[in-house]
Amino acid sequence: MTCPDPADLMQPFSVDIDLQQGLMPNAASHLTRHASDMRGHYADTDALARLIDSGDPLHYEVFEVPVPAQAGQWMYCISTLQPGRVGDEFFMTKGHYHTLAETAEIYLCLRGEGYMLMKTAGGQCAWQAMTRGKMVYVPPYWAHRSVNTHEGEPLVSFCVYPGDAGHNYGNIEREGFPRRVFLRGGEIVIE
Ligand code: PAN
Ligand code: ZN
């Protein structure tokens, strides 16, 4: 192994994570998605329009300290998804494949309750429950979207994935997911 010139080496660093609140106080990047960013993703478009008109509430946030988008690096973030519903459908993230579809991801749930919905371009669909302490492994080639099914708490996850993975949202905007998560008659149903 040859070590690069010291001047070319990235230096070790650390960040603080508020595990309970689901935020990184000193994050270099803080992405927010509101109801109006979610057009086209929910089954009930009228309910989404009403939600946008009634104040366009926050859906989710992603806090990260970006690392170089290169193979060999680990990109990581805190993803915090608010509770709520659009009509009967629970709040969820947009969902994506990775641009390098062969890259996996780990989600460690820190707080809340929900599901990770996953699908492949070949038509497979799967989901895993998310609760505090559950680690969900999203294998290569699986698109992934998280869903918050708790009535009052955010769904907070620590996510880590290869630095060069990238995000491909366009395919999900066209394909959608074959399953959705609803509250029906007081029960959580995936249909
Ligand atoms: C996560 C997601 C985060 C937000 O960090 O990016 O939960 O979801 P969307 O990206 O689908 O809006 C991840 O899976 N990164 O690869
Ligand atoms: Zn991902």
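A polar side-chain atom of Tyr107 lies 2.5 Å from an oxygen atom of ligand 1; a polar contact here is a pair of N or O atoms within 3.5 Å. This is a predicted model, in which local features need pLDDT of at least 70, side-chain atom pairs count only at pLDDT 80 or more, and totals for chains, interfaces and linings use all residues. Side-chain values use heavy atoms, without hydrogens and water, while residues are numbered from 1 along each chain as its sequence is written, and chains are lettered from A and ligands numbered from 1 in the order in which they are written.

His96 places a polar side-chain atom 3.0 Å from an oxygen atom of ligand 1. For His144 the distance from such an atom to an oxygen atom of ligand 1 is 3.2 Å. The protein covers 97% of the 390 Å² of accessible area that ligand 1 has on its own (Shrake-Rupley method, 1.4 Å probe). Around ligand 1 stand 16 residues, of which Tyr60, Ser79, Glu105, Tyr107 and Tyr169 come nearest (near: a heavy atom within 4 Å).

Which strands build this shell? E2, E3 (74-81), E6 (105-111) and E11 (155-162) each supply at least two residues. Strands are DSSP runs of E, at least two residues long, numbered from the N terminus.

These strands belong to an open sheet. Its 6 strands follow the order E1-E2-E3-E11-E6-E9, with antiparallel pairing; two strands pair if DSSP finds at least two bridges between them. Neighbouring strands are turned by 20° against each other on average, direction ignored (axes are lines fitted to C-alpha atoms, and angles run from 0 to 180 degrees between N-to-C directions). E1 pairs with E2 (residues 58-64) over 6 bridges, in the antiparallel sense. There His34 stands opposite Leu58 in E2.

A second open sheet has 3 strands in the order E8-E7-E10, again antiparallel. E8 (125-131) and E10 (143-148) are its edge strands; each has a single partner strand, so one side of each is left without a neighbour in the sheet. The twist averages 20° from one strand to the next. E7 (residues 113-119) runs antiparallel to E8, joined by 7 bridges. Met116 has Gln128 in E8 as its bridge partner.

E12 (residues 181-184) and E13 (residues 187-190) run antiparallel, with 4 bridges. Arg184 faces Glu187 in E13 as its opposite residue. The hairpin has 2 residues between the strands, and Gly185 takes a positive phi near 55°.

Key. A polar contact is a pair of N or O atoms within 3.5 Å; within protein, one must be able to donate a hydrogen and the other to accept it, and residues adjacent in sequence count only if both atoms are side-chain atoms.
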